[in-house]
Amino acid sequence: MAALRPQARRGFLSLTVPGQIRPRSCQATPTNNKHIVFETFQQHSRRPFSCTAPRSASQQQQQQAPELPPSRWYADLQARLGKCIIFGCSPSQVNRVAGVLGALTREWRSLSAGSEGFLQQGGLEGQAVVWGEMDSFQHVNNAAYIRYAEASRVNWIRYFANVNPAHASDWRDLMNPQGVGLIMKSIKADYKFPVVYPDRISVYHKLRSLPSESDTSLILDCMILSHKHRRIAARTEEDVVIYDYGGGQKTTMPSFVLQTFRDTWERQEGEMRRARRRIQELAREVEALEKETWDREDAVEDVGAAGKASA
């Protein structure tokens, strides 16, 4: 385990893996700065979403369009709350910890997806991973992720029949080899960690860029979320061609598709801002709890009955 690192600047914390919290020893000698760094087994980094530093003009600009949170933001906030509990919380602080944990449990999918602009529409929601999807390596076979993305993409396209009922049949026809349709040109998968049975997944798609009238193809991004681990298991990048089956060639987007996709792009951007601000809101509450519990000069670890026995 990494050793305690003295003489660190205030505001450092990297607790990204639940269960790997290293509490401060009650016997630790204060340094000049009177703060101790708590390191993980991998590397230390500045505590995300810190609100203690003075806000410059550029930081105020970022408040309007928040940056993407760290990939392990969910586990980080959980671990930081665990550390607050280790050092002891008052009844009111316990209620606040429970409030943040409850929000994380309820909102983790919408925040994980929304922070990157994915809308929870169409796609796959809570799809069960079946035992037969695993291979001899005892994890879901790589090809299964492509099938997850394919099923989600079809549901995502057909969902727009509900959004745009005047062209409902036209949206459904996009997935048929007649008139104007969509053809997969290429798909690239990026695997983050192996999914194993039992688990559930949610799969979402989004437009990578704002469509234009001259576009003859579009890039779709896809994320596959593991419910067990509550983080992204895989991503795909999909290049989809708009194809005229009658003429046997590429074509531009029909007007009903273009307008709906432009509206969808705006909704994606709005959801991204909402989700990132919500994550920052939760992180600020965690930071406030830290300052009230362990991140102060007189903080003492609550060792419970074990500590009393040893004394």
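Me: Where is Gly114 found?

Reply: Gly114 is in helix 3.

Me: And which residues is Gly114 in contact with, leaving aside neighbours within four places in sequence?

Reply: Gly114 is in contact with Arg109, Glu271, Met272 and Ala275. As for Arg274, its C-alpha lies 7.7 Å from that of Gly114, although 160 residues separate the two in sequence.

Me: Let me step back. How many helices and strands are in the protein chain?

Reply: The protein chain has 7 helices and 6 strands. Read from the N terminus, the order is α-α-α-β-α-α-β-β-β-β-β-α-α.

Me: How much of the chain counts as buried?

Reply: Of its 311 residues, 42% count as buried. The chain exposes about 16,300 Å², and carbon and sulfur atoms supply 49% of that.

Me: What about contacts between residues at least 6 apart in sequence: what share join residues at least 24 apart?

Reply: That share is 78% in the protein chain.

Me: Now the largest nonpolar core. Which residues touch the most other members?

Reply: Trp73, Leu77, Leu81, Leu104, Met223 and Leu282 do, out of the 26 residues in that core. Two or more residues each come from helix 2 (73-86), helix 3 (91-114), strand 4 (217-226) and helix 6 (255-292).

Me: Which element gives the most?

Reply: Helix 3, with 7 residues.

Me: Pick Leu81. What is Leu81 in contact with, leaving aside neighbours within four places?

Reply: Leu81 is in contact with Val97, Val100, Leu101, Leu104, Val286 and Leu289. There is also another core, apart from the largest one, with 19 residues, among them Ala161, Trp171, Val257 and Phe261.

Me: Change of topic: rings. How many aromatic pairs are there?

Reply: A search of the whole structure finds 11 aromatic pairs. One of them is Trp73 with Tyr74: the ring centres are 6.0 Å apart and the planes stand at 85°, so this pair is edge-to-face.

Me: Are Trp73 and Tyr74 buried or exposed?

Reply: Trp73 is buried, at a relative accessible area of 5%. Tyr74 also counts as buried, at 8%.

Me: What about Tyr145 and Tyr191? How are their rings arranged?

Reply: Their centres lie 5.1 Å apart and their planes meet at 70°, so that pair is edge-to-face as well. Tyr145 belongs to helix 4 (residues 142-163) and Tyr191 to strand 2 (residues 180-191), so the pair ties together parts that are 46 residues apart in sequence.

Me: Why does Tyr145 count as buried, while Tyr191 is partly exposed?

Reply: Tyr145 is buried because its relative accessibility is 2%, and buried means under 20%. Tyr191 has a relative accessible area of 34%, so it is partly exposed.

Me: Which rings form a cluster?

Reply: Ring pairs link Trp156, Tyr159, Phe160, Trp171, Phe256 and Phe261 into a cluster.

Me: Which charged ends sit over rings?

Reply: Lys83 has its charged end over the ring of Trp294, 3.4 Å from the ring centre. The charged end of Lys206 is over the ring of Phe118, 5.0 Å from its centre.

Me: Back to helix 4. What does Ser152 touch, not counting residues up to four places away?

Reply: Ser152 is found in helix 4 and touches Gly123, Leu124, Val203, Tyr204 and His205. Ser152 is buried, with a relative accessible area of 0%.

Me: Last one. What does UniProt list for residues 265-292?

Reply: The unreviewed UniProt entry lists them as "coiled-coil region". In the predicted model, that span is 100% helix and 0% strand, and its end C-alpha atoms lie 41 Å apart.

Conventions
Residues are numbered from 1 along each chain as its sequence is written. This is a predicted model: local features need pLDDT of at least 70, side-chain atom pairs count only at pLDDT 80 or more; totals for chains, interfaces and linings use all residues. Side-chain values use heavy atoms; hydrogens and water are left out. Rings of Phe, Tyr and Trp (its six-membered ring) pair if their centres lie within 6.5 Å; planes under 30 degrees apart count as stacked, over 60 as edge-to-face and the rest as tilted. Buried means under 20% relative accessible area, exposed over 50%, partly exposed in between (1.4 Å probe, protein chains only). Helices (H or I, at least four residues) and strands (E, at least two) are DSSP runs, numbered from the N terminus. A charge sits over a ring if NZ of Lys or CZ of Arg is within 6 Å of the ring centre and within 35 degrees of the ring normal. UniProt positions are given in the numbering used here, feature names are shortened, and annotations may be inferred rather than shown by experiment. A nonpolar core is a set of buried Ala, Val, Leu, Ile, Met, Phe, Trp, Tyr and Cys residues joined through side-chain atoms within 4.5 Å. Contact means heavy atoms within 4.5 Å. Accessible areas come from the Shrake-Rupley method with a 1.4 Å probe; for residues, only the protein chains shown count as cover.
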